[in-house]
Amino acid sequence: MNDTGIAIIAEHISKIYRRGSDKITALDGVSLRIRRGDFVAFVGPSGSGKTTLLNILGCLDNPTDGALSVGGTDVFGEGTRLGEKELTKIRRQHFGYIFQNFYLLPTLTVRENVTVPFSFYRKDNAVTDIPALLASLGIERRMNHLPGQLSGGEMQRVAIARALVNRPEILLADEPTGNLDSKRSRDIGEVLGSLNRDQGITIIMVTHNPELAALAGRQIDLRDGRI
Amino acid sequence: MIRIWQIAYKNLLRKKVRSILTITGIAMSAWVLVSLLGFNKGYENALNRDIDSMGYQVLVAAKGCPYEAATLMLKGGTGLRYMDESIARDIQRYSEVKVITPMVMQAVFDPNKGESGGISAYLGVDPKTFPGMKGYFQFQQGKWFTDPNAAEAVMGYEAAELEQREVGDKILIPEKNVELAVVGVLKRTGTQDDGTIFVPFRTVQRVFGVAGKLTAIGVQVDKNARIADVEQKMYDLPDVQVVSLAQVKQTIISLVATARVMVFSIAVIAVLIAMVGVVNTILMSVFERFQEIGILKSMGALPGDVFRLIWIETFILCLLGGIAGNALALGLVRVTDILIRRLLPYSPTGSLVMIDLPLASIAMAAIIGVGLLSGLYPAWKAARIRPIESIRSQEA
Amino acid sequence: MKKIIIFVIMLIFSAPRLYAAVGCDLNDPDRDVKRLFPGSTGFKTIYVSIDRKGGQPMLQRIEKRLGDSFHGLYETIDVPYTLYEIYRGKEKIGYIHGVNQKGQYGGIQVFLSLDLKGVIRSLYFQKLTNREAALLRSPAFGIQFTGLTLGSFNGYDVKTGTATQGPVAAIRNPAAGAEQDFRATLRAVKKNLILMDEFVFGSR
């Protein structure tokens with residue numbers, strides 16, 4: 001389990017939602033390992049459990065059953081069920097997240113949005129040169145603009161910058177281009193690709209977009225909660 | 001780098017109208033609270049000042065004598081009762097008595113005032129003792145008369161203004177056909193003395209044919225003596241009534257107590273309403289930002305961070321509201337004064353509402369305290385939001 | 001909400017008047033207006049002061065027209081004058097306006113009721129302290145002012161109390177012992193008419 005080359009180990013993960021008397025099986029015994037530096041894309045039709053799996057791997061959600069270890073720490077498993085506080089600490093340590101809807105705070109400037117995570121915690125090796133980070137994403141000139149003045153692609157770049165300020169090992173991306181046109185989708189894909197190639201950040205992504213999925217080194221196809 | 005309070009502050013800017021309305025609500029209730037606390041403090045001060053301005057603690061009056069100028073006016077100067085000057089000498093002999101001042105009040109009907117005539121009143125005072133008791137009097141012009149028999153007068157500011165009198169002018173006592181020379185015009189005091197015409201008491205006695213008679217005696221009791229003892233002695237004097245101003249004050253305070261309770265209920269209700277407003281505003285903004293708060297958590301916010309964020313928002317609202325309310329209260333002291341005067345059975349002269357720094361701080365602390373208390377639930381609610389719930393609701 | 005704000009503002013700005021100079025109001029406006037203007041059904045009360053209406057230049061103009069300067073503690077630029085506009089139904093039928101005047105033994109309050117052109121209908125002493133006050137207050141004295149206008153006072157010098165010409169020259173003092181208050185009355189009437197002209201008629 002302490003293999004330094006492995007970022008995430010998931011074994012027999014299942015997730016069952018109850019809605020009234022109905023049981024919906026979102027994940028049905030999924031096992032997988034993700035290595036450091038991997039670029040993984042979960043693909044598959046809607047309702048196949050991609051996002052549920054991403055959320056569980058990213059410690060945003062608890063599996064109903066199974067075991068999960070992140071960076072050598074047991075997160076879920078027999079006898080292990082961490083509380084919200086511990087989960088937050090693991091998330092702080094390992095993950096950065098980006099979402100389809102960006103979720104920038106509308107009253108904060110780009111620069112302020114990007115540094116919001118610092119108001120909660122700051123890793124020792126966190127990014128100190130924010131302008132350089134924004135420049136690397138091509139949005140340095142937008143630094144003092146409000147989100148409402150940006151295009152969708154720019155907003156997603158801001159969200160990526162925000163996810164990167166604490167230098168996560170793993171970047172989780174849930175439909176990062178779901179709200180973008182194809183040109184901008186390609187740009188975001190390139191950004192993600194270069195983060196993976198040049199900085200060695202592990203990327204786990206859920207997408208419907210085959211062109212984007214093709215950028216990933218590894219595609220995992222989910223159907224009915226199974227790989 | 002952005003700090004958590006900046007995030008909170010900028011969140012409030014998002015719904016400006018709502019934030020402003022909430023702050024206005026808090027400000028209104030803070031205004032009411034501060035004003036009423038100020039009233040609580042100011043009323044007694046004003047009353048004390050009024051009573052101190054009398055210069056004496058005990059007033060001895062002839063039995064059945066109206067000792068208030070207002071009563072005198074209403075009765076049209078009739079029904080005045082007198083006591084003998086010898087009583088003054090008796091009282092002077094008490095060891096507890098520091099100084100006494102004899103007074104004789106007179107009023108005449110003046111047919112040339114208004115369409116159907118009016119009353120002119122004169123207060124005869126002793127130039128030796130009376131000015132000493134009214135040490136705070138200041139003169140606009142001139143000075144006190146010194147001869148108890150002089151045909152002179154000192155006029156309160158309003159009396160002088162009404163009669164357009166200045167030092168050197170004459171006034172005429174109607175009916176009696178006596179002229180008096182104005183030797184002094186007082187500055188405004190804010191008390192009933194402003195409307196009074198002071199005349200040497202021997203002159204009043206002579207002009208009105210009441211030699212050897214007095215209507216009232218002001219008694220200043222020695223600092224070390226108990227006022228109650230003196231009162232007790234004076235009750236034995238024949239045909240006089242003894243009015244201790246402490247008694248008068250007690251009566252007034254108990255009359256006002258009811259009004260005070262009412263006024264405080266209003267304050268409490270106002271604060272409660274404002275707090276319901278705060279809970280509502282913050283809770284609404286928490287629900288609206290459900291997903292956003294989840295995202296903050298995915299960015300590393302602990303439940304405590306979220307709690308703090310929401311609590312700071314509440315704090316900012318209450319702080320701004322409290323400051324605005326205090327400013328309102330200070331700015332509108334006069335208005336509050338006027339409003340309260342309408343509510344009260346008796347109002348002293350001078351400002352009834354007294355707002356100072358300690359009082360403003362107490363009110364501020366109360367507003368913020370209650371505000372933070374009402375922010376507890378929304379903040380707790382927000383802290384409990386789990387990131388996954390908000391993301392799920394995004395998918396739905 | 002707007003009304004409340006206006007109310008509050010009015011309170012704030014009217015409150016200091018409590019401490020400003022004293023004006024000249026009717027003691028019992030409801031009764032007095034009915035008496036001075038029989039047939040009137042209502043009135044409106046307006047407060048004006050030289051200070052607010054025209055300031056120092058207006059004061060200088062008024063003093064020049066009066067032929068005397070304002071003096072004393074109480075005849076000042078900020079004295080509020082009370083102007084009653086008299087109505088019959090919705091129709092304005094005249095004015096009542098009073099001024100304070102320093103008299104020999106006290107303040108004299110001289111009210112004039114005027115028609116819409118500024119012609120005196122009647123004169124009313126609300127307050128006058130003098131041994132011979134009754135003579136000045138008698139109808140026989142007051143009626144001499146009826147029909148006069150500001151123009152009638154052109155030849156009257158308030159300082160010397162002499163009139164060279166016109167109807168004012170014909171007005172005699174009925175009270176030999178009250179010469180000072182007789183002159184004060186004429187000064188008050190002239191001042192009253194000048195103020196009305198400045199505030200309302202504006203013939204200048």
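**Ground rules.** I number residues from 1 along each chain as written, with chains lettered from A and ligands numbered from 1 in written order. Because the model is predicted, local features need pLDDT of at least 70 and side-chain atom pairs pLDDT 80 or more, while totals for chains, interfaces and linings use all residues, and side-chain values use heavy atoms, without hydrogens and water.

**Chain B, overview.** I looked up the secondary structure and got 14 helices and 12 strands (DSSP runs numbered from the N terminus: H or I of at least four residues for helices, E of at least two for strands). Of the 396 residues, 54% are buried (under 20% relative accessible area, 1.4 Å probe, protein chains only). The accessible surface is about 17300 Å², with 61% belonging to carbon and sulfur atoms (Shrake-Rupley, 1.4 Å probe).

**Chain B, strand 1.** I went to residues 58-62 next: 5 of the 5 are buried, so the strand is largely enclosed by the rest of the structure. B:Val58, B:Val60 and B:Ala62 point one way, B:Leu59 and B:Ala61 the other. Which strands does strand 1 pair with? I found strand 12 (residues 240-244), antiparallel over 5 bridges, and strand 11 (residues 216-221), antiparallel over 4 bridges (pairing takes at least two DSSP bridges). B:Ala62 has B:Val240 as its bridge partner in strand 12, and B:Ala61 has B:Ala216 in strand 11.

**B against A.** I checked this interface and found 28 residues of chain B in contact with 32 of chain A (heavy atoms within 4.5 Å). The buried area is about 2800 Å², 64% of it from carbon and sulfur atoms (accessible area lost on being put together, 1.4 Å probe, summed over both parts). The rule finds 2 salt bridges across the interface (Lys or Arg side-chain nitrogen within 4 Å of an Asp or Glu carboxyl oxygen). One of them joins B:Asp305 and A:Arg92, at 3.3 Å from N to O.

**Chain C, the sheet.** I traced an open antiparallel sheet of 5 strands in the order 1-2-3-4-5. Strand 1 (42-48) and strand 5 (120-127) are at the edges with a single partner strand each, so one side of each lacks a neighbour in the sheet. Neighbouring strands are turned by 20° on average, direction ignored (axes fitted to C-alpha atoms; helix axes over the stretch in contact; angles from 0 to 180 degrees between N-to-C directions). Strand 2 (residues 81-88) and strand 3 (residues 91-102) share 6 bridges, and C:Glu85 is opposite C:Tyr95 in strand 3. Helix 2 (residues 29-36) packs on the sheet, at about 145° to strand 5. Helix 8 (residues 179-201) also packs on the sheet, at about 135° to strand 3.

Key:
Buried < 20%, exposed > 50% of the residue type's maximum accessible area, 1.4 Å probe, protein only. Buried area = accessible area lost by both parts, 1.4 Å probe.
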